[in-house]
Amino acid sequence: MTDERLVRGEDGVVRCFWGASAPEYAAYHDTEWGFPVADDRRLFEKLCLEGFQSGLSWLTILRKREGFRQAFAGFDFERVARFGDKDVERLLDDASIVRHRGKIEATISNAQRAVELVDETGSLAAYVWRFEPEAASRPKQLTWEALMEMSQTPESQVLAKDLKKRGWRFVGPTTVYAFMQAMGLVNDHLDGCDAHAEVAEARAAFTPPT
């Protein structure tokens with residue numbers, strides 16, 4: 001193990017360095033980040049939480065994730081789409097989440113847009129996975145340097161633009177790429193990380209929804 005961005009934990013697991021920086025990150029890194037997701041609620045949740053994360057650390061959001069799930073009806077976007085002014089005020093008083101009026105209102109608006117999108121495309125998953133990058137466009141070796149050049153990609157730019165055209169908010173190309181990384185549209189675990197091979201196997205066995 002020569003890459004300084006890889007860390008071997010006391011449990012013997014080799015992780016991307018960020019996955020070893022906090023206990024919450026280790027579990028998230030090992031079992032969630034990068035594994036392909038086709039569940040509409042999880043996809044919607046992640047898009048929303050990436051928006052809330054803007055200006056904060058993901059660890060802050062991860063520690064509040066259960067609070068967010070309670071506050072936003074498990075990210076059932078059909079229910080969130082019906083939230084009104086009283087819900088906004090309720091959420092602004094809820095210390096278990098990030099109390100930012102613009103982001104709360106954007107989440108409710110995005111839920112309404114998600115309902116529209118499902119009516120049009122059949123599922124949020126079917127829509128999102130259309131933007132999975134072609135394998136040929138990906139780096140042959142995923143080093144830290146290669147990853148740093150991909151804070152956004154042509155695919156995340158196209159997806160962000162399309163979402164914005166549909167009325168979604170807090171979905172810039174960098175936010176959208178972080179979403180793509182987390183939901184398994186790409187495998188951005190560094191070469192040499194134990195999860196890299198696990199995610200590659202999961203992605204190989206995964207059939208993108210249509």
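This is a predicted model: local features need pLDDT of at least 70, side-chain atom pairs count only at pLDDT 80 or more; totals for chains, interfaces and linings use all residues.
Let me begin with the largest pocket, whose volume comes to about 570 Å³. Its lining is made up of 22 residues, and those nearest the centre are Trp18, Trp33, Trp58, Ala178 and Gln181. Four helices, namely α1, α2, α9 and α11, each contribute at least two residues to this lining, and the largest share, 6 residues, is supplied by α11. If we sort the lining of the largest pocket by class, we find 13 nonpolar, 7 polar and 2 charged residues.

The second largest pocket has a volume of about 270 Å³, and among the 16 residues that line it, Ala135, Arg138, Val186, Asn187 and Arg203 lie nearest the centre. Here the lining divides into 7 nonpolar, 3 polar and 6 charged residues.

Turning now to the rings, a search of the whole structure gives 15 aromatic pairs. One of them joins Phe17 and Trp144 in an edge-to-face arrangement, with 5.0 Å between centres and 85° between the planes. Because Phe17 sits in the loop between β2 and α1 while Trp144 belongs to helix α9, this pair ties together parts that are 127 residues apart in sequence. Phe17 counts as partly exposed, at 28% relative accessibility, whereas Trp144 is buried, at 17%. Arg5 also lies over the face of Phe17, 5.1 Å from the ring centre.

Finally, ring pairs link Phe44, Phe52, Phe68, Phe72, Phe75, Phe77, Phe83 and Trp168 into a cluster. Within that list, Phe52 is buried, with a relative accessible area of 0%, and Phe72 is buried with a value of 0%, while Phe83 has Arg90 over its face, at 5.4 Å from the ring centre.

Key:
Residues are numbered from 1 along each chain as its sequence is written. Side-chain values use heavy atoms; hydrogens and water are left out. On a 1 Å grid over the protein atoms alone, a cavity is a set of points where a 1.4 Å probe fits but cannot get out, and a pocket is an open set with protein on both sides within 12 Å along at least five of seven lines; lining residues have an atom within 4 Å of a point. Grid points are joined across faces, edges and corners, and a volume is the space filled by probe spheres set on the points. Ala, Val, Leu, Ile, Met, Phe, Trp, Tyr, Cys and Pro count as nonpolar, Asp, Glu, Lys and Arg as charged, and the others, Gly among them, as polar. Rings of Phe, Tyr and Trp (its six-membered ring) pair if their centres lie within 6.5 Å; planes under 30 degrees apart count as stacked, over 60 as edge-to-face and the rest as tilted. Buried means under 20% relative accessible area, exposed over 50%, partly exposed in between (1.4 Å probe, protein chains only). A charge sits over a ring if NZ of Lys or CZ of Arg is within 6 Å of the ring centre and within 35 degrees of the ring normal.
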